[in-house]
Amino acid sequence: MSEGGQTSPAFTPRIFSGIKPSGGLTLGNYLGAIKKFVAAQDAGKDSIFCVVDLHAITVWQDPKDLQVATREVAAGYIASGIDPTKSILFNQSQVPEHAELGWIFNCVARVGWMNRMTQFKDKAGNNAEKVSLGLYAYPSLMAADILLYHATHVPVGDDQKQHVELTRDIAAKFNHDYKVDFFPMTEPVIEGPAVRVMNLRDGSKKMSKSGESDMERINMLDDADKIAKKFKKAKTDPDGIPESIEGLDGRPEARNLVNIYAALSDQSAEAVVAEYAGAGWGKFKPTLADLAVDKLAPISEEMRRLMDDTAEIDKILRLGAERARDIASPILKKTYEIVGLVR
Ligand code: AQP
């Protein structure tokens, strides 16, 4: 499903997406985002992928951990198939135009829009007075990340849909207020059976890097034993795989495991249910674990190798940032002109 309205034909198709280095990469990041990024790149799409480190610091990050996580996300992209000579790969803070356009968009976006953002509500919880101002303004920086490249499509997991819609609102208000057709109406691309991979211990919550317990998530760097153990302990219900897909209604944990299997094996959830109809968890969970290990082990092995050579990763990010700035800088310059800032 490709969501959203019309993209102005004046804009050449371009993909942008990012991942926060706020911890180790999870299976949710892989299935909801990275796997789709690789498919887009390999289909020949003009693609820009970012390690959005400025978003990570909207909640406290230990500086050393942030560096490790930034390189881990970069390694995750590359090990999964992002080719830094085909796509542009860089970390956000090396392209200062992101923060600059983010400020302009802080002056376009309305407080009422930010108040509706469910991710802010979820993350702030009952503590909204004490969280950073950056966490509240996060969506306007995300709009800047996307619109700085005039990106027309953003492949994301379902959790980011609202932020991409807000990006469209910001672009529309900017274009309207300044009477221009300068920023595109970017479309979120949210496709496949794993648009929201859920927490393994609570099917009502999304699998997150920063979730409380390590048992809730599969990390991309988990070894085979850990993956097997986590799936074995994953919450399920007494019924096994149903005879038809409708049998997963009201069973979020069961549906999650079927969806993960489907996404890992490039099948629909219906096809997985048809293949395993009537199987108990004692059979399905080890099969799922084997499949996950099969897919993730070569990637994690390559990630470890890449992460051992930090100089090489840093070089890739630096060169990517130079290429990104070549696109971003004229777009920001033109934005300043439109706004009336004297240069
Ligand atoms: N559970 C998920 N299922 C499907 N897609 C997911 N994504 C993240 N979690 C899932 C997608 O991965 C991309 C990068 O997301 P992010 O790491 O920048 O931000 P996030 O969505 O806030 O991820 P986390 O893991 O929940 O981070 P923390 O715990 O630090 O807040 C996005 O496309 C996202 O949709």
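Here is a walk through the ligand site, the pockets and the cavity of this structure.

Keep in mind that the model is predicted: local features need pLDDT of at least 70, side-chain atom pairs count only at pLDDT 80 or more, and totals for chains, interfaces and linings use all residues. Residues are numbered from 1 along each chain as its sequence is written, and side-chain values use heavy atoms, with hydrogens and water left out.

Let's start at the ligand. The classes here take Ala, Val, Leu, Ile, Met, Phe, Trp, Tyr, Cys and Pro as nonpolar, Asp, Glu, Lys and Arg as charged, and the others, Gly among them, as polar.

Aspartate 159 puts a side-chain N or O atom 2.5 Å from an oxygen atom of the ligand. Serine 22 also uses a polar side-chain atom, 2.6 Å from a ligand oxygen. With glycine 28 a polar backbone atom is involved, 3.3 Å from a nitrogen atom of the ligand. How much of the ligand does the protein bury? On its own the ligand exposes 650 Å², and 98% of that is buried by the protein, using Shrake-Rupley areas with a 1.4 Å probe, where for residues only the protein chains shown count as cover.

The ligand takes up the space of the largest pocket, where sitting in a pocket or cavity means that more than half of a molecule's atoms lie within 2 Å of its grid points. On a 1 Å grid over the protein atoms alone, a pocket is an open set with protein on both sides within 12 Å along at least five of seven lines, a cavity is a set of points where a 1.4 Å probe fits but cannot get out, and lining residues have an atom within 4 Å of a point. The largest pocket holds about 740 Å³ of space. Its lining has 39 residues, with Lys20, Asn29, Gln160, Lys206 and Lys209 closest to the centre. H1 gives the most to this lining too, with five residues.

The second largest pocket has about 570 Å³. Among its 19 lining residues, Asp122, Lys123, Lys205, Lys206 and Ser208 are closest to its centre. H6 supplies the largest share, four residues, and the lining has one nonpolar, eight polar and ten charged residues.

Finally, there is one cavity of 30 Å³ or more. The largest cavity holds about 40 Å³ and is lined by Gln119, Phe120, Lys123, Leu135, Tyr138, Pro139 and His163. H6 and helix H7 (133-147) are the elements giving two or more residues to that lining.

Conventions
Polar contact = N/O pair within 3.5 Å; in protein donor to acceptor, adjacent residues only side chain to side chain. Points joined across faces, edges and corners; volume = space filled by probe spheres on them.
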